Structure formats: C-alpha cells, structure tokens
Amino acid sequence: MPDVSKSLWELLWEYDPNGLIVVDPEMRITLVNSSFCRMLKMEAEDLIGRPAYEVLGDVEDFEEVRDNQTVIPAKEKEYLQYGLYVREVIFPIQDEGIIACIIVDLTHEWQQKQDLLKLKHQTLEQVNRVVDNQMKVAQEIAGLLGETTAATKVSLLSLMSMLQQEAG
C-alpha cells in the first residue's frame with residue numbers, strides 16, 4: 001500500500017497545474033515539478049542543484065521562512081525575466097528541513113487587468129479631447145453669434161435712423 005500512495009503523491013506533484021519548488025536550507029533548488037519548469041521555460045535538470053537566487057532573483061521570502069519557520073501566504077510577485085506574475089505560498093517542511101513554494105500563475109489575469117486599465121485610461125483621454133473640442137466649438141459659435149448680433153443691431157439702428165429722418 002505505501003507504494004500506491006507514493007505513486008499517487010508523485011502523480012499529484014507532477015500533474016499539479018501550479019509550479020512547485022523545494023529548496024534546502026542553503027537555498028539550493030532540490031525539487032521542481034513540470035509546471036514550474038514550463039513557467040520558466042527550463043528543464044528540471046537545469047534547475048536542480050542551482051542556487052535559488054540564480055533562478056528566482058530575490059529569495060528573501062524563502063530565507064525568512066527558513067529563519068523564522070513561518071508561512072508566507074498568498075504573496076503576489078512579478079518575475080520580469082520570465083514574463084510572469086504569480087501568487088506564491090512559501091512554507092517550511094520542518095521534518096525534512098526544507099522550504100517549499102507553491103506558485104500560482106496569474107499572468108493571464110494580470111495582463112487582462114493591465115489591458116483593461118490601459119483601455120480605461122485611453123477612453124478617459126479620448127473623452128477629455130472630445131470635451132475640449134466641444135468647448136472650442138461652443139466658444140467659436142458664441143463668438144459668431146456675438147458678431148452677427150452686433151451686425152444686426154448696427155443694421156437695425158441704421159434702419160431706425162433712416163425711418164426717423166423720413167418721418168421727421
């Protein structure tokens with residue numbers, strides 16, 4: 001029976017859509033799953049044994065978990081070098097003396113959110129340009145109305161003057 005459960009855990013590890021990485025206390029990568037490899041576009045053989053900072057950059061959160069034996073739940077982070085935006089859960093496995101991390105890829109959702117923010121910003125700029133243009137046109141119309149009103153008044157005054165001369 002233990003072989004069956006071990007096989008089940010290995011299958012779960014391998015088929016988990018989330019990236020999974022394990023580092024030792026010296027911050028060397030000891031284990032990764034295929035989802036993590038896909039996220040980074042690397043092979044497991046190229047990752048195992050490497051210092052985690054070479055792959056992940058900043059490993060302060062891993063060191064904090066190692067040093068304080070605490071859990072860092074659901075921290076969002078961007079890995080520009082891989083084009084990834086993720087949520088990480090980092091936790092110690094005290095019995096084994098290792099630190100594990102579950103990485104949920106949020107890149108697609110994050111990109112959609114960024115695209116929506118960009119669209120909102122562009123729409124706001126466009127509305128501002130339209131309002132500015134409408135105000136300019138309204139000022140031009142007001143100016144023209146003022147000119148024609150003044151010309152009409154001059155014409156009326158001339159007509160009244162002529163009528164008064166004829167009557168007078």
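The model is a predicted one, in which local features need pLDDT of at least 70 and side-chain atom pairs count only at pLDDT 80 or more, while totals for chains, interfaces and linings use all residues. Residues are numbered from 1 along each chain as its sequence is written, and side-chain values use heavy atoms, with hydrogens and water left out.

**The largest pocket**

Select Trp-13, Leu-20, Val-22, Leu-31 and Ile-93, which lie nearest the centre of the largest pocket among its 13 lining residues. Helix H1 (2-15) and the strands E1 (19-23), E4 (84-93) and E5 (98-105) each give two or more residues to this lining, and E5 gives the most, with four. (Helices, H or I of at least four residues, and strands, E of at least two, are DSSP runs numbered from the N terminus.) The volume of this pocket is about 270 Å³. On a 1 Å grid over the protein atoms alone, a pocket is an open set of points with protein on both sides within 12 Å along at least five of seven lines, whereas a cavity is a set where a 1.4 Å probe fits but cannot get out; lining residues have an atom within 4 Å of a point.

**The largest cavity**

Next, select Phe-36, Leu-40, Leu-56, Tyr-79, Leu-84, Val-86 and Ile-103, which line the largest cavity. About 40 Å³ of space lies inside this cavity, and helix H2 (34-40) and strand E4 each supply at least two residues of its lining.

**A pair of rings**

Which aromatic pair does the structure hold, and how are its planes set? The structure holds one such pair: the ring centres of Tyr-85 and Trp-110 are 5.0 Å apart and their planes stand at 10 degrees, so the pair is stacked. (Rings of Phe, Tyr and Trp, its six-membered ring, pair if their centres lie within 6.5 Å; planes under 30 degrees apart count as stacked, over 60 as edge-to-face and the rest as tilted.) Because Tyr-85 lies in strand E4 and Trp-110 in helix H6, the pair ties together parts that are 25 residues apart in sequence.

Key. Grid points are joined across faces, edges and corners, and a volume is the space filled by probe spheres set on the points.
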